[in-house]
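Trainee: I'd like to learn how to read helix packing and nonpolar cores. Could we go through a case together?

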Amino acid sequence: MKLKKVIATAMAAMMMSGALAGCGSSDSTTTTAAQSQAPAAGETTAAEAGETKAAPADGQTPRVLSFASQSVGSTAYARTAALAAVMNKYLPEGWSVETQPISTGGPAGTLLVEGGTCDMGEGINISNKLLVEGTYQKDIPPVENVSSILGGTDYAYYLIMFTDEFQKKNNVTTLEDLVSQKIPFKLVTKASGSAGELGASQLLDILGVSYDDITSWGGEVYHVDPNEMGDMLKENRADVSIDIVGLGQAAMSELTLTKTMFFPQLSDETLAGLADLGYVIKDMPENSWGGQDFVIKTATNSANITVSNSLPDDLVYAMTKAIVEHKDELVAQLPVMEQYMPETSGEASRNGLPLHPGAIKYYEEAGLEH
């Protein structure tokens, strides 16, 4: 089954917004790491702790690097701001990182870097892999100007739910059985072009069906924003949702605390199919959502930091070293970063893009898999 295409106008708008923001811009509407991450009272700086900044990077004049993120207030923005804060303590003299809220998520961060709009972005391992292969979208050629430095900064989990009313009426307990029996159902996913919708289409493809098949059985398929997804399920305007979300996502949390939902477990065969696509298989802890009082084995995608291939190796080495060796400082900035596992940062499954030579140099010296 073909992947749903990113809406062309949305992508054009994204690229235009990045062009207007500019690469390395210090526009007052963006939050610079230097402004927002000065040491708090009593905080120990790198110099005070006996650490020094990296030696100057060769070949380029030091400047402010732009780090594309999603909108202010989003979890992605908080995460990139925390990453920037830590990197800025250890970069070569004169270099700094500035978070810019110009990405729409999904493949956007990687594409903004690929197109030269920004120096850095936040990518998703699954869409990155497709972008490298040139199979994400027919009119987007394979990326060539962007690489990764580390992955696993965030994980979003496949979350599949049936409304309680639908599950009891049809006495079906797995998505596989629902599809194999061709039971008509109203499916809701995120909008086309999102990581959630990409995941939904890939999962259905593994099960051997398409959105068109669902409608041919008398069902319906909707692609909407997260808040509307929750409303549709709450009001029984949808029966089934397939999404990829971070734990604690507001819309799904509110839904599951106010309405009884059924959480099906994907089969080992289905999970193996998702793993073949690059998803990382993990346990979703019990009580991640209201009414989910058991562990669910599921698939996750992994967020990573993408950078322009034009950045100096020594600079990227310093970026990678700063994050991998200072998880404690990340967690102090943003407690949810506790889930980041530095020892797996360089693994291909968590990045989806080739690693930058500067990152490879660090992982080889540190004896870490890459």
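Predicted model: local features only at pLDDT ≥ 70, side-chain atom pairs only at ≥ 80, totals over all residues.

Trainee: Which residues in H13 meet which residues in H15?

Mentor: Contact means heavy atoms within 4.5 Å. From H13, Asp313, Asp314, Val316, Tyr317, Thr320, Lys321 and Val324 meet Pro357, Gly358, Ala359, Lys361, Tyr362, Tyr363 and Glu365 of H15. By class, that contact has seven nonpolar, two polar and five charged residues.

Trainee: At roughly what angle do the axes of H13 and H15 cross?

Mentor: Two packed helices are described by the angle between their axes and the distance between the axes. Here the axes of H13 (residues 313–324) and H15 (residues 357–366) cross at roughly 50 degrees and come within 7 Å. That makes H13 oblique to H15 (under 35 degrees is roughly parallel, over 145 roughly antiparallel, 65 to 115 roughly perpendicular, the rest oblique).

Trainee: And the core: which residues touch the most other members of the largest one?

Mentor: A nonpolar core joins buried (under 20% relative accessible area, 1.4 Å probe) Ala, Val, Leu, Ile, Met, Phe, Trp, Tyr and Cys residues through side-chain atoms within 4.5 Å. In the largest, of 40 residues, Leu175, Leu178, Leu187 and Ile242 touch the most other members. Its largest share, five residues, comes from strand E5.

How values were computed:
Residues numbered from 1 in each chain as written. Heavy atoms only, no water. Axes fitted to C-alpha atoms, helices over the stretch in contact; angles between N-to-C directions. Helix = DSSP H or I, 4+ residues; strand = E, 2+ residues; numbered from the N terminus. Nonpolar A, V, L, I, M, F, W, Y, C, P; charged D, E, K, R; others polar. Buried < 20%, exposed > 50% of the residue type's maximum accessible area, 1.4 Å probe, protein only.
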